[in-house]
Structures are given as structure tokens and as C-alpha cells.
Amino acid sequence: MIHLNGKIGRILAVTAALVLCLAPAFAQDAEPLTLKKAVALALEHNQDLRMAQNSVKSAEITVKQDKDDFLPSLSASSSWSASADRTDSTEDDTFQSLNAAISTNLNLFNGYGDQASLEKSRYSLSAEENTRNRTMQSVIYNTMEAFFQAYTAREKIKVAENNLEDNARQLDEIQAFYDAGSKPVTDLYQQKAQTSSAQLDLLTAQRDYSVNKIQLMEAIGMPASANFEIAPPSLSRDLLPTGVTTEEALNQALAQRPDIQTQNETISAAQASIRENRAGFLPSLDLTGEVGTNYSSGSDLGFEDQFWDQSMDARVGLSLSIPIFDRNITRNNVAKARISLNNAELALEKIKRQVEVEVGQAVADYQTAEKKVQVTRDQLEYATQALDSSSQRYTVGASTLTELTQARTTFVEAQYDQIEAEVNLRIQAMALAFYSGTLDAKDMSAED
């Protein structure tokens with residue numbers, strides 16, 4: 001029996017040790033993480049979505065504040081003072097006085113500025129809600145994509161494990177052939193090197209799986225130290241779209257994408273802002289009222305007689321303010337509001353051009369992914385047949401180990417390609433729904 005030494009022996013020893021060290025980490029009991037649960041956690045913990053929700057709450061407060069501007073204001077004031085009168089050199093007289101008043105003010109007309117301000121805040125609230133909805137779709141898409149990438153890495157570990165087992169089995173067979181004198185020592189060395197390479201492939205697959213799980217936790221918005229294992233998602237094709245056309249997807253995107261709706265609301269808010277600023281050209285009319293009273297200790301009347309009876313008075317009036325010259329502040333504000341409106345319209349045009357590109361690419365990618373699934377299935381079938389044939393021919397001495405190794409490499413690559421193609425089809429379906437503005441987690445998962 002030949003015992004390896006030198007570089008190949010060291011590689012085998014190191015890789016075997018690494019596999020033994022990493023095995024406990026992958027064997028630990030971990031909570032299974034389903035696709036549905038991953039999306040639910042992301043919608044709860046993702047920081048971008050939580051900030052978008054806070055923006056909606058802030059916009060709601062602004063709307064309430066603009067509604068309150070239609071209410072009258074009410075204020076109360078009071079003052080107290082004391083003074084000394086030295087009219088008589090033999091006696092100091094100190095007088096105390098108290099004044100109190102309650103006043104109110106109600107705007108009757110301000111050029112419709114309040115109405116325009118409320119309208120603007122409502123459009124802004126709607127824009128923030130659509131922004132939150134788009135952020136939610138982004139979180140769902142990023143989470144599901146990261147989940148499927150982690151699932152792909154998990155499945156590749158299984159392929160790498162099977163490949164290592166096959167190479168180890170092949171090594172035992174070649175060792176037996178060599179001991180019987182029917183195979184050369186070069187085949188033994190070559191197979192041991194191939195087995196070592198399979199061990200390294202397994203370590204790489206395990207490393208990729210760990211990295212993809214960390215990236216999934218980042219998409220969810222949770223600590224990367226969470227211990228979990230990816231639960232296999234449903235790969236049923238029942239939820240996948242069929243007969244997709246670019247025109248249909250584009251029309252759907254222009255009608256439903258939240259970011260386009262956000263920009264439409266922003267344009268409406270900018271139009272309301274122009275009307276709000278134009279109110280500065282018109283007069284304003286306020287209704288004012290005040291009830292007041294006072295008390296002085298210098299009077300012969302007592303406190304109650306003065307404060308609650310003799311000194312009580314009330315006033316009601318109208319206050320009209322007509323703008324004559326405000327250093328062109330209103331004119332400049334209107335001009336800037338019109339520029340903001342033009343920028344919002346240009347931004348909408350830019351978004352629509354971007355949507356056309358995104359949807360067109362998403363449709364093409366999905367159609368290609370559909371075709372690639374069948375191609376990889378055929379490749380795997382042919383690679384399986386080729387490997388079986390090469391294995392039988394090598395056993396009877398009709399082919400070389402190099403040919404068998406190449407057939408096994410092609411078979412493993414075909415397995416990887418099929419896994420990636422199957423998962424990529426789901427990812428491209430999600431991308432198509434995302435760029436069309438229709439992505440919903442329940443529409444992309446068959447889980448209960």
C-alpha cells in the first residue's frame with residue numbers, strides 16, 4: 001500500500017482537520033427559518049422600513065397641525081404691580097393693582113393659504129405612505145432574494161458532500177485495484193488529489209452558506225449572530241407568471257408602482273405649495289375678542305366689586321391686513337415653488353424612463369431564466385449518463401482516470417447549474433413583480 005507524504009499529504013491532513021473543526025458548528029441544533037418567517041421578521045425589524053413608518057407618522061402630525069390652524073387661538077394674561085405714593089411726608093401709602101384678560105383670535109380669510117397648506121400636507125402624507133409601501137416591497141424583495149441565495153448555498157453543500165463521498169469511494173476502489181496490480185500508482189495519486197479537492201470544495205460551500213446567512217440577517221435587520229438553518233422553500237411553479245410581455249408589465253408598473261404614485265403626489269403637493277404662497281398677495285381678515293378686568297387697592301371699592309363687577313369689560317373687533325409691499329418675499333416664494341413643481345415633474349419623467357429600463361430587463365431576465373431551467377435539466381441528465389458510462393469504462397480499463405474525473409467534474413457542475421437555475425427562476429419572478437410594483441410576500445410563497 002502506498003502512503004502519501006509531502007504536499008498532497010499535508011493538504012489532505014489540513015482539509016480533514018478543517019472539516020472536523022467545522023462539522024460541530026454545522027451540526028448544532030438551530031431553529032429552522034422559513035421563507036414566510038424571514039419576511040415577517042424583516043417587516044418587523046428592518047431599520048429602513050421602520051424609518052419610513054416614522055416618516056408617515058410625522059406627516060400625519062403635519063396634517064393634524066394644518067387642520068388645527070382653522071381653530072381659533074385662545075390666550076390668558078395677567079399682571080400685578082405695586083407702587084408707593086409719598087404725598088404725605090409722615091406716611092407712605094402703597095398701592096397694588098391686578099389686571100387680567102382672556103383674548104381670542106380667529107382667522108376668517110387669509111387668501112386660502114390655510115386650505116392650500118392642508119391640501120399640501122395631505123398630498124405629502126400620501127407620498128410618504130407610498131414611499132413606505134415601496135420600501136416595504138424593497139425589504140420583501142431583498143429578504144426573499146437573500147433567503148434564496150442562502151438556500152442555494154445550502155443545497156450546494158449537499159452536492160459537495162455527495163461529491164466528496166463519491167471521490168472517497170472511488171479512491172477506495174482505485175486503492176484496491178492498485179493493491180491488486182491492475183492500476184498504476186499515478187491513478188492513486190491523482191484520485192487522492194481529487195478527493196482532497198472535493199474536501200476543499202465542501203469547505204468553500206460551508207463558508208458560502210455561513211456568509212449568505214449573515215447577509216440574510218442583514219436584510220432582515222437582525223444581529224448576524226442568530227443561530228438558524230434555512231428551511232427548504234416551496235419551488236412550485238404554480239405561483240410563477242406565464243406568458244409575460246414587456247408591454248403588459250410596463251403598463252402594470254406605471255399604474256401600480258408606489259414610487260411613481262409617490263412622485264405624482266409630490267407634484268400635487270408642489271402645486272398646492274404654489275397656491276399657499278400666492279395667498280401672500282391677498283388680504284387677511286381676523287376676528288378678535290377680549291374679556292378683561294382689573295383691581296386697584298387705591299379704590300374705595302373692594303376686590304370683588306372691582307374685579308368681578310365694576311372693571312369687567314369685553315371687546316370684539318375685526319382686523320384687516322392688506323399687503324402693499326413685502327420686499328417681494330411672496331413673489332420670490334411663488335417663483336421658487338414653481339421651480340420645485342418643475343423639478344418634481346422632471347423627476348417623474350426620469351422615474352418613468354427608469355421604470356421602462358427596469359421592467360424591460362426584468363422581463364428579459366425572467367424569460368431567459370425560464371429557458372435556462374430546462375437547459376440545465378437536460379445538461380444534468382446528459383452529465384449523469386456520461387458519468388455512469390465513464391465509470392463503467394474505467395472499471396474495465398477502457399478509459400483513463402482523467403476522463404472519469406472530467407466526467408465527474410461536469411456532473412457536479414451540472415448539479416450546481418440546475419440548483420442555481422431553479423432558484424434564479426424564483427428570484428427573477430420576484431424581480432419582475434418588484435419592478436412591476438406588484439410584489440407581495442404571500443404571492444411568492446406557497447407556505448401556510
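In this predicted model, helix α6 (residues 246-256) packs against helix α7 (residues 258-278), with the two axes 6 Å apart and at an angle of about 45°. That angle makes α6 oblique to α7. On the α6 side, the contact is made by Ala253, Leu254, Ala255 and Gln256, while α7 brings in Pro258, Ile260 and Gln261. Sorted by type, the residues of this contact come out as five nonpolar, two polar and no charged.

Another helix pair is α4 (residues 113-179) with α10 (residues 401-436). Here the axes come within 10 Å and cross at roughly 170°. Because an angle over 145 degrees counts as roughly antiparallel, α4 is roughly antiparallel to α10. The make-up of this contact is 18 nonpolar, eight polar and eight charged residues.

In soluble globular proteins, nonpolar side chains tend to be buried together. The largest nonpolar core in this model has 37 residues, and Leu33, Phe147, Leu216, Ile220 and Ile230 are the ones with the most contacts inside it. Two or more residues each come from α2 (35-45), α4, α5 (185-220), β4 (228-230) and α10. Helix α4 supplies the largest share of this core, at 13 residues.

Phe147 gives a closer look at the surroundings. Setting aside neighbours within four places in sequence, Phe147 is in contact with Leu33, Thr34, Leu35 and Ala38, and also with Leu216, Ile230, Ala231 and Pro233.

Definitions and conventions. Residues numbered from 1 in each chain as written. Predicted model: local features only at pLDDT ≥ 70, side-chain atom pairs only at ≥ 80, totals over all residues. Heavy atoms only, no water. Axes fitted to C-alpha atoms, helices over the stretch in contact; angles between N-to-C directions. Helix = DSSP H or I, 4+ residues; strand = E, 2+ residues; numbered from the N terminus. Parallel < 35°, antiparallel > 145°, perpendicular 65-115°, else oblique. Contact = heavy atoms within 4.5 Å. Nonpolar A, V, L, I, M, F, W, Y, C, P; charged D, E, K, R; others polar. Core = buried A, V, L, I, M, F, W, Y, C linked by side-chain atoms within 4.5 Å. Buried < 20%, exposed > 50% of the residue type's maximum accessible area, 1.4 Å probe, protein only.
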